[in-house]
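Biologist: Walk me through this model, please, and be ready to back up every label you use.

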Amino acid sequence: MSAGDGSYDYFQFVQQWPPTNCRVRKRPCSKPRPLQNFTIHGLWPSNYSNPTMPSKCTGSQFKKENVYPQLRSKLKISWPDVESGNDTRFWESEWNKHGRCSEQTLNQVKYFQRSHAMWRSHNVTEILRNASIVPHPTQTWTYSDIVSPIKAATKRTPLLRCKRDPTTNTELLHEVVFCYDYKAKIQIDCNRTAGYPNPQAISFQ
Ligand code: 5GP
Ligand code: 5GP
């Protein structure tokens, strides 16, 4: 598909490590101790040719009622606002920026249901723990050290995204991305996704 407004090739399902988010942002997060498990950042319809598109498409605005109580209680666990604790506002901004660009495929209810199901389908925190990749103040891993166990568990290549800690200058593992086909049904390799520079040494804290 072309990179026009609202057209996309595939989805990126992005999960974040809350402690890294809270470490690198300028203002502190609301919780004194961030969650110690990967949570959803967003489900982004994406293009291979124009990596940050589409976004902010026309399409329906977020409606709070679509996050019905049973769904809401699930998203509170899988998709919390780890910065300020305003979960509904975070869901609203993700839907309005990304979700509504693929509304023809996933309406708002399905968008959030599917995201939660993706989060449930593979527990990244547990996959890493089983490979002895656990938060540590000084140990570092290579990109492939971290990708390998995830690839083994999911049978698909994920993408890692890191953020540089401004105080220590170390690269911190921040996000793990899974890629899905354009219907958000089948997980695919992230090989064609525009890469981020792979740091030599990745910290997980
Ligand atoms: P960051 O600075 O974290 O890499 O990206 C900032 C924002 O740009 C992301 O939260 C997301 O909204 C958007 N973005 C970055 N990469 C992609 C991408 O590959 N696809 C889409 N659709 N948006 C992206
Ligand atoms: P993108 O705009 O596509 O979704 O992501 C970039 C934005 O998402 C950044 O401004 C980043 O601060 C925000 N973001 C990432 N995680 C969270 C969170 O847990 N809560 C809120 N409110 N924003 C978040």
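Modeller: Let's start with one label: two strands pair if DSSP finds at least two bridges between them. Strands (E, at least two residues) and helices (H or I, at least four) are DSSP runs, numbered from the N terminus. This is a predicted model, where local features need pLDDT of at least 70, side-chain atom pairs count only at pLDDT 80 or more, and totals for chains, interfaces and linings use all residues. Residues are numbered from 1 along each chain as its sequence is written, while chains are lettered from A and ligands numbered from 1 in the order in which they are written.

Biologist: What mean pLDDT does the protein have?

Modeller: The mean is 94, and 97% of the residues reach 70 or more. That score is the predictor's confidence in each residue, from 0 to 100. For the complex, the predictor gives an ipTM of 0.82 and a pTM of 0.93.

Biologist: What makes you say that strand 5 and strand 6 pair?

Modeller: Two bridges join strand 5 to strand 6 (residues 187-188), and the rule asks for at least two, so they count as paired. The two run antiparallel, and Y180 in strand 5 has Q187 in strand 6 as its bridge partner. Six residues lie between the strands of that hairpin, and A184 takes a positive phi near 60°.

Biologist: And how do you know that strand 5 pairs with strand 7?

Modeller: Here too there are two bridges, this time in the parallel sense, with strand 7 at residues 202-203. L172 has S203 as its partner in strand 7.

Biologist: How many bridges does strand 5 make with strand 1, and how many with strand 4?

Modeller: Strand 1 (residues 10-16) pairs with strand 5 over six antiparallel bridges, with F11 facing Y180. Strand 4 (residues 159-164) is joined to strand 5 by six bridges, again antiparallel, and R161 is partnered by E175. In the hairpin of strand 4 and strand 5, N169 has a positive phi near 65°.

Biologist: Why do you call strand 5 largely enclosed?

Modeller: A residue is buried if 20 or more other C-beta atoms lie within 10 Å of its own, exposed if 12 or fewer, and partly exposed in between, with C-beta atoms placed from the backbone. Ten of the ten residues of strand 5 (171-180) are buried, so the rest of the structure largely encloses it. Strand 2 is mostly covered as well, with eight of its eight residues buried. Seven bridges join strand 2 to strand 1 in antiparallel fashion, and Y10 stands opposite S46.

Biologist: Why is W17 called buried?

Modeller: W17 has 29 other C-beta atoms within 10 Å, and the cut-off is 20 or more, so the label holds. W17 sits in the loop between strand 1 and helix 1 (18-24). Contact means that two C-beta atoms, placed from the backbone, lie within 7 Å; leaving out residues up to four places away in sequence, W17 touches F38, L173 and H174.

Biologist: Where does UniProt place the feature "active site"?

Modeller: The unreviewed entry puts it at H41, E94 and H98. They span 58 residues in sequence, yet no two of their C-alpha atoms are more than 11.1 Å apart, so they gather at one spot. Mind that UniProt annotations may be inferred rather than shown by experiment; positions follow the numbering used here and feature names are shortened.

Biologist: Why are E94 and H98 called buried?

Modeller: E94 counts 23 other C-beta atoms within 10 Å and H98 counts 24, so both meet the cut-off. E94 lies in helix 3, whereas H98 is in the loop between helix 3 and helix 4 (108-121). Beyond four places in sequence, E94 touches G42 and G99; H98 touches G42, L43, W44, P45 and S55.

Biologist: Which residues surround ligand 2?

Modeller: Near means a C-beta atom, placed from the backbone, within 6 Å, and the shell includes H41, G42, E94 and K97. Helix 3 (87-97) and strand 2 (39-46) each supply at least two shell residues, and helix 3 gives the largest share, three. Around ligand 1 there are Q12, W44, S46, P51, T52, S55 and K97.
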